[in-house]
Amino acid sequence: MERRDSHVLEEELERQKEFIQLVADRNDGKIPKYYLNTFGCQMNEHDSEKLAGMLSNMGYVETDDVDESDLIIYNTCCVREHAEQKVYGHLGSLKRLKEEKPELKIAICGCMMQQKEVVSHIEKTYRHVDLIFGTHNLHKFPELLYKSFDRDKMIIDVLYADGQIVENIPVKRKDNIKAWITVMYGCNNFCSYCIVPYVRGRERSREVKDIKEEVMMLGRQGFKEITLLGQNVNSYGKDLSVKVTFAELLYQLNEVPGIERIRFLTSHPKDLSDELIFAMRDLDKVCEHLHLPFQAGSTKVLKEMNRGYTKEEYLELVMKVKENIPGISLTTDIIVGFPGETDEDFEDTLDIIRKVRFDSAYTFLYSKRTGTPAAKSKNQVPDEVKKERFERLLTLQNSISREINETFLGKKVEILVEGISKTNDNIYTGRTRGNKIVNYKGSEDDIGKLKNVLIEEVKTWSLEGRLIKEC
Ligand code: SAH
Ligand code: SF4
Ligand code: F3S
């Protein structure tokens, strides 16, 4: 069954190659421009790299100027309401442009499109949109784009059943030192606030051999760092016919020549195994950084969130991680103002922050997502209360982030140099294994290399230093 599936998918990809050629031929030597705006997480960013790969093969080049583009694509996110509102705002403002330039194509894809009510809203309200497709049929983009050329009517093609994994979609990566690799799609956890399982479907893992081939290729191309992506990488491999764990995958990837650093996101606390902690400890390329969202401190709230662990279990887990991997950098995600969260519950969130001392935290105001169980709760927290808690949380976390950074003063760190800093010509920027940004005076030659830097100044979000000459 599996072999037949992969055969069918290969044929489908071949078919898409024909459409890529058809679009390229249609351009007839002209170089059309695309404007691609991506919302949401790294997984969406990586999907956009696939769109860019297909577009590049069709002869398109990227522009950051909407007005001069021939094709506009929004790759959308629906994890919070704010992300959706931004997309609607942009779509509204494109109406005039489309009127002035009827040959302009406007496409929308991504997680928002996996919700039927969103698609019908766009269909009714934003009639200047040409093309809508979803996350499960991203590979079909060349065919859909081609078909949209000689059509005035909106094309809508969204697959609501879980898509199969399509390997070998062309990719045009944004960076040439660091690369994202999606190792699994979907999520089975159904945290009660979260829309992701509804729009990304159930967990589907890629085969180890496909992932390894991709990483080997990246190593040959000169990439130095990979970040493995999944909504919950800790449950990687459980759905494969030959079971394999995420730690086993890391062992395989640690062998790949050329790759110097391996990172991954996201780990769910309920599934973080001892095996993975030991793999992080023992594998030289796996960086000492763990992103371990706790979402809320109160055990009562965690239960209502359907997270599958208590406050105490989370703290014990962090202790185990710190004992086994000294100096590990920890980051997290936190939601403020989940329905029914009291002041006392929120104190538990602050308590976890004080006890764990995260290097940094992504903090979010709870956002009601239609279709999720938490959205139905009558106990929504008023906006002013949410905001006040949010501010307290930020102040506390910022001071901890800064204090942790201060411990680096006078210390030597190894960084992977990523490029020139945005603000100053001679200043180059890289990251430590713990994912801290380090700026220093360097040269173009350093890019893509590991360098030792002595930290001389500390900021809340970055470290400043000077290069230590190798002897
Ligand atoms: N799979 C990852 C991240 C998924 S989305 C994980 O489980 O950690 C990224 C973050 O968005 C979540 O960790 C959560 O903190 C936040 N988030 C998800 N749904 C949200 C909502 N309805 N309101 C506010 N924040 C939300
Ligand atoms: Fe959403 Fe929870 Fe899945 Fe993360 S683990 S994507 S928060 S349902
Ligand atoms: Fe958003 Fe989809 Fe990622 S909803 S957070 S872009 S998986």
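## A buried glutamine

Gln397 is buried, with a relative accessible area of 2%, where buried means under 20% relative accessible area, exposed over 50% and partly exposed in between, calculated with a 1.4 Å probe and the protein chains only. The residue is found in helix 13 (residues 383–406); helices (H or I, at least four residues) and strands (E, at least two) are DSSP runs, numbered from the N terminus. Leaving aside neighbours within four places in sequence, Gln397 is in contact with Ile353, Phe358, Asp359, Ser360 and Ala361, contact being taken as heavy atoms within 4.5 Å. Between Gln397 and Ser329, which are 68 residues apart in sequence, the C-alpha to C-alpha separation is 14 Å.

## Basis of the values

This is a predicted model, in which local features need pLDDT of at least 70 and side-chain atom pairs count only at pLDDT 80 or more, while totals for chains, interfaces and linings use all residues. Residues are numbered from 1 along each chain as its sequence is written, chains are lettered from A and ligands numbered from 1 in the order in which they are written, and side-chain values use heavy atoms, with hydrogens and water left out.

## Ligand 1

Ligand 1 is surrounded by 15 residues, of which the closest are Arg80, Gln231, Gln295, Asp333 and Ser367; a residue is near a molecule or strand if one of its heavy atoms lies within 4 Å of it. By class, this shell divides into 7 nonpolar, 4 polar and 4 charged residues, with Ala, Val, Leu, Ile, Met, Phe, Trp, Tyr, Cys and Pro counted as nonpolar, Asp, Glu, Lys and Arg as charged, and the others, Gly among them, as polar.

A polar side-chain atom of Arg80 lies 2.9 Å from an oxygen atom of ligand 1, and an N or O atom in the side chain of Asp333 is 2.6 Å from an oxygen atom of the ligand. On the backbone side, a polar atom of Ser367 is 2.8 Å from a nitrogen atom of ligand 1. On its own, ligand 1 has 540 Å² of accessible area, of which the protein covers 90%; accessible areas come from the Shrake-Rupley method with a 1.4 Å probe, and for residues only the protein chains shown count as cover. Strand 13 (329–336) and strand 14 (360–365) are the elements that give two or more residues to the shell around ligand 1.

## Ligands 2 and 3

Around ligand 2 are Cys187, Asn189, Phe190, Cys191, Tyr193, Cys194, Val196, Pro197, Gln231, His268 and Arg307, a shell of 7 nonpolar, 3 polar and 1 charged residues. The residues around ligand 3 are Gly40, Cys41, Asn44, Cys77, Cys78, Val79, Cys111, Arg200 and Gln231, and by class they comprise 5 nonpolar, 3 polar and 1 charged.

## Annotated cysteines

An unreviewed UniProt entry places the feature "binding site" at Cys41, Cys77 and Cys111; UniProt positions are given in the numbering used here, feature names are shortened, and annotations may be inferred rather than shown by experiment. Although these positions are spread over 71 residues of sequence, they cluster in space, with a largest C-alpha distance of 10.5 Å.

Cys77 lies in the loop between strand 3 (71–76) and helix 3 (81–100), and Cys111 in the loop between strand 4 (105–110) and helix 4 (116–125). Cys77 counts as buried because its relative accessible area is 9%, and Cys111 because its value is 10%. Beyond four places in sequence, Cys77 is in contact with residues including Phe39, Gly40, Asn44 and Cys111, whereas the contacts of Cys111 include Asn44, Thr76, Cys77, Val199 and Arg200.

## Annotated domains

UniProt lists residues 32–150 as "domain: MTTase N-terminal" (unreviewed entry), and over this range the chain is 46% helix and 19% strand, with the end C-alpha atoms 16 Å apart. The annotation "domain: TRAM", also from an unreviewed UniProt entry, covers residues 406–469, where the chain is 2% helix and 53% strand and the end C-alpha atoms are 23 Å apart.

Definitions and conventions
A polar contact is a pair of N or O atoms within 3.5 Å; within protein, one must be able to donate a hydrogen and the other to accept it, and residues adjacent in sequence count only if both atoms are side-chain atoms.
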